[in-house]
Amino acid sequence: MSRFSAITDNPHDGRFNQKTGILVTNLGSPDAPTPKALRTYLAEFLSDPRIVEIPRLIWLMILHGIILRVRPKKSAKAYQSIWTEHGSPLIHISQQQTDKLGALIKQQGFDNTEVVMAMRYGNPSIEAGLEALRDKGLTRIIVLPLYPQYSSPTTGSTFDAVANVLKKWRWVPELHFINGYHKNPLYIESLANSIAEDLQANGTPQKLVFSYHGMPKQFLDHGDPYHCLCQQTTRLVVEKLGIDKSLVETTFQSRFGKAEWLKPYTDATLSSYPEQGIKDVAIVSPAFSADCLETLEELEEENREIFEHAGGEKYRYIAALNDRDDHIDALYDVIKPLL
């Protein structure tokens, strides 16, 4: 039996066509908010060498000997606080984004397209998404990871997963991999719109915090551009809004482990504000294209509690772009040159 798979044994099979497949990806979610499901999900996520750059044998001993014995129960409680009747918010929102993007592409006259959603970890998997496109006879694929700012642990890891699937295919498709869109004008406009709408409805806070997902500082030291791309996104949105840059602060959230991560930390920054007389803040997280655990639980609940416990009085989280029409327009603008 050959190690390479194919759509058909007949190279002249008529199913091959000029349709373009678009694989929309995000990070992923456990199948259920239970310790068992979290153990499976975290084992896959934390086994990725792009996520944790510790000598492999040492890390696997720590992961399976300690972390997967303790963390699943704690993480399950966090997921239970955000789980909805539709299941995981990230999966549900990502599917809404995929459906709306597919509809917009066809409205623009690109009928020969198929749009499929996949997750880097968990289900539906990247392999399942690519196989779904191949089953339709598509030999041209665009991969759109929904990470505006490139980083090795997110976008780079997605490329690894795609490559690991395609290296088993006999007929490798024409492949276009989008590695970020942090400066796309429509993405910046959509972010600015979402913030402007909040400011108009709720007033201008004393501080507007741009909280991005963090990463170990050693990644930056080793050449990962993510930190710089986040700073550029903040600057472009502030310029688009036309607000005083002194109102804004860029921070980084979601630390894990004892190593130094990108600073300033979101939670430490929020806890320091009240003693400076800053008791009214709004927070937005531009690195997340869809609301998820890190926004709905960490920012909406955990960081609100930190701020209020320190003496803060007004705290509001500005939702991720999710399936806003102007966000879908931005995603279409990103892939349009490749259609």
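## F159 and the aromatic pairs

F159 is partly exposed, at a relative accessible area of 38%; here that label covers the range between buried (under 20% relative accessible area) and exposed (over 50%), using a 1.4 Å probe and protein chains only. A quick word on the source: this is a predicted model, in which local features need pLDDT of at least 70 and side-chain atom pairs count only at pLDDT 80 or more, while totals for chains, interfaces and linings use all residues. Residues are numbered from 1 along each chain as its sequence is written, and side-chain values use heavy atoms, with hydrogens and water left out.

On to the rings: the structure has 7 aromatic pairs. One of them is Y79 with W83, an edge-to-face pair at 6.2 Å centre to centre with 75 degrees between the planes. (Rings of Phe, Tyr and Trp, the last by its six-membered ring, pair if their centres lie within 6.5 Å; planes under 30 degrees apart are stacked, over 60 edge-to-face, and the rest tilted.) Y79 is buried, with 9% relative accessibility, whereas W83 is partly exposed at 23%.

F159 has a ring partner too: its centre is 5.4 Å from that of F177 and the planes stand at 85 degrees, so this pair is edge-to-face. F159 sits in helix α5 and F177 in strand β4, so the pair ties together parts that are 18 residues apart in sequence. For bookkeeping, helices (H or I, at least four residues) and strands (E, at least two) are DSSP runs numbered from the N terminus. F177 is partly exposed, with a relative accessible area of 22%. Elsewhere, Y41, F45 and Y121 make up one aromatic cluster.

## Charges over rings

## Salt bridges across the sequence

A search of the whole structure turns up 17 salt bridges, each being a side-chain nitrogen of Lys or Arg within 4 Å of a carboxyl oxygen of Asp or Glu. Take R50 and D160, whose side chains meet at 2.7 Å, N to O. R50 comes from the loop between α1 (35-46) and α2 (56-80), and D160 from helix α5 (residues 152-166), so the bridge ties together parts that are 110 residues apart in sequence. Both ends are partly exposed: R50 has a relative accessible area of 24%, and D160 is at 23%.

E127 and K168 form another bridge, with their closest N and O atoms 3.4 Å apart. What does this one connect? E127 lies in helix α4 (residues 126-135) and K168 in the loop between α5 and β4 (174-177), so it ties together parts that are 41 residues apart in sequence. E127 is partly exposed at 36%, and K168 is partly exposed at 37%.

## A bridge within a helix, and a network

E300 and R304 also meet in a salt bridge, at 3.0 Å, N to O. They share helix α10 (residues 293-309) and are 4 residues apart, about one turn of the helix. An α-helix has 3.6 residues a turn, so residues three or four places apart point the same way. E300 is partly exposed with a relative accessible area of 26%, and R304 is partly exposed at 23%.

There is a salt-bridge network as well, linking E197, R324 and D326.

## Helix α11 and the overall fold

D326 also belongs to the buried set of α11, along with H327, I328, A330, L331, Y332, V334 and I335. With 8 of its 11 residues buried, α11 (residues 325-335) is largely enclosed by the rest of the structure.

Zooming out, the protein has 11 helices and 8 strands. Its radius of gyration, over C-alpha atoms, is 21 Å, close to the 20 Å from the globule rule (2.2 Å times the number of residues to the power 0.38) for 339 residues, so it is as compact as a globular protein of that length. The C-alpha atoms fill a box of roughly 70 × 50 × 40 Å along the principal axes.

Of the 339 residues, 51% count as buried. Among contacts (heavy atoms within 4.5 Å) with a separation of 6 or more, 79% join residues 24 or more positions apart. The protein exposes about 15,900 Å², with carbon and sulfur atoms supplying 52% of it; areas come from the Shrake-Rupley method with a 1.4 Å probe, and for residues only the protein chains shown count as cover.
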